[in-house]
Amino acid sequence: MASGKKGWFYGWYFKCQSDTQTLAVIPAVHQTGRKRTCSIQIITEKQSWTVPFPGKAFRRKGRTISIGKNRFGEMGIRLAVCAPGLIVKGKLVFGALHPLRYSIMGPFFLIPFLECSHSVWSMRHLVQGKVYVNGTAYSFDRAQGYWEGDRGRSFPREYIWTQCSFPGGALMLSVADIPLAGFHFQGIIGIVLLNGREYRLATYLGAGKSEIRNGRVRVVQGSMELEAELPDRTGKPLKAPAKGDMVRTIHESAACRAKYRFRRKGRTLLNFETDRASFEYEYRS
C-alpha cells in the first residue's frame, strides 16, 4: 500500500454468483491528507450499500483483510455488518483459486506512480455458504467466484470493466484512460480463461482499442478479437476514489444482460449472451 500524505487507496473486489443470485463485496482502505478511513461496499442485483468505518478498523496480514469483525481472504469471506438500513451476516468458503500465470499488469506492474494498478487474484473458484442481507438469504452451493483488486490514487476518469463466468471458463476485460508523465493513452488488460487455457489481451502485448461506443467495446490483438456489449446501461451506485477520497460515484451492474464474442485465428471460440455479467461503463460515448 502507498504511504505518506498524498491520497491513496487499496481495495479488493469479490464476486459470488449462482444461477439465480449475485453478491459482490468490496473491502477497501483510503487516505487523503492525514485522514484514513475504510469501507465495505455490498452490491446485489437490486441494490448497493456503502458502509464507512474508521481507519483503525482496517487490518491486512498477507492475503487477509479485516475491517472490524469482517474478514476477507483466500479461504473466503465472513461478514458481520450492522449499519443504518443494512444488516449483513454470513460466511462464504472458497475452493481452490485460479490465479493468472503472471500479473495482469505485465511490465506496468513495476511502475510505482500509476494512477491505478489492477490485480486479478482468482479468475474462477467455487463458493460455498450463505449470507443474509437485510434478511434475504444469498445461498451459494458450488457457485462461481471471482477476486480482483485495485490500488493507487484514483480510478481512471473514463473506463470500461466487465467480468463474466461461463461453463468452462471466465473472462475479464478493462479498457481505461491512463495518464502517464503528462500524456494519456488507452490501457487494455483482459483475460479469457477457456477450458484451462489463458488468452491474454493487453496494451503491453500489442492490443489496440478498435471501438468503444454505445455500450460496446471491441479489442484486437494480432489474431485475437474480443467484443463485449452492454445493451442496457443501468447500474447501482458505488463509491470510487479520487486522490484517495471516496467522493466519486460510479455505477456497476453486478448481474446484467451482456453479449460476448471471442475470436482467434478466424475461429469463433466464444459467442454468447448472458444475464449474469458484471459491467461498469464509465465512458461518455
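These legends describe close-up views of a predicted model.

View 1. The chain has 21 strands and zero helices. Its radius of gyration is 18 Å, close to the 19 Å that the globule rule gives for 285 residues, so the chain is as compact as a globular protein of that length. The C-alpha trace spans about 50 × 45 × 35 Å along its principal axes. Of the 285 residues, 54% count as buried. Take the contacts between residues at least 6 apart in sequence: 55% of them join residues at least 24 apart. The accessible surface comes to about 13300 Å². Carbon and sulfur atoms account for 51% of that surface.

**View 2. An open sheet holds 11 strands.** The order is β4-β3-β2-β1-β11-β10-β9-β8-β7-β6-β5, and the pairing is antiparallel. The edge strands are β4 (48-54) and β5 (58-61), and each pairs on one side only. From one strand to the next, the twist averages 25°. Strands of a sheet pair through backbone hydrogen bonds, either parallel or antiparallel.

**View 3. Strands β2 and β3 run antiparallel.** Strand β2 covers residues 22-32, and strand β3 covers residues 35-44. The two are joined by 10 bridges.

View 4. Strand β6 (residues 64-67) pairs with strand β7 (residues 70-73) over four bridges, in the antiparallel sense. Ile65 has Phe72 in β7 as its bridge partner. The hairpin of β6 and β7 has two residues between the strands. Gly68 lies in this turn and has a positive phi of about 60°. A further hairpin joins β7 to β8 through two residues. Strand β8 (residues 76-83) runs antiparallel to β7, and three bridges join the pair. Here Gly73 stands opposite Gly76 in β8.

**View 5. Strands β16 and β17 form a hairpin.** Five bridges join β16 (residues 208-213) to β17 (residues 216-221), and the strands run antiparallel. Lys209 has Val219 in β17 as its bridge partner. Two residues lie between the strands. In the turn, Asn214 has a positive phi of about 50°.

View 6. His118 sits in β10. Its relative accessibility is 8%, so His118 counts as buried, the cut-off being under 20%. The His118 side chain makes a polar contact with the side chain of Asp150 at 2.8 Å. Another polar contact links the His118 side chain to the side chain of Glu148 at 3.0 Å. Leaving out residues up to four places away in sequence, His118 touches Ile104, Met105, Tyr146, Glu148, Gly149, Asp150, Met172 and Ile189.

**View 7. Glu115 is a buried loop residue.** Glu115 lies in the loop between β9 (86-94) and β10 (116-133). At 17% relative accessibility, Glu115 counts as buried because the value is under 20%. Beyond residues up to four places away in sequence, Glu115 touches Phe9, Asp177 and Pro179, among others. The contacts of Glu115 also include Arg151, Gly152, Arg153, Ser154, Phe155 and Pro156. Leu173 is 58 residues from Glu115 along the chain, and the C-alpha atoms of the two are separated by 18 Å.

Conventions: Residues numbered from 1 in each chain as written. Predicted model: local features only at pLDDT ≥ 70, side-chain atom pairs only at ≥ 80, totals over all residues. Heavy atoms only, no water. Buried < 20%, exposed > 50% of the residue type's maximum accessible area, 1.4 Å probe, protein only. Contact = heavy atoms within 4.5 Å. Pairing = 2+ DSSP bridges. Axes fitted to C-alpha atoms, helices over the stretch in contact; angles between N-to-C directions. Polar contact = N/O pair within 3.5 Å; in protein donor to acceptor, adjacent residues only side chain to side chain. Rg over C-alpha atoms; globule rule 2.2 N^0.38 Å. Areas by Shrake-Rupley, 256 points an atom, 1.4 Å probe, with all protein chains shown as cover.
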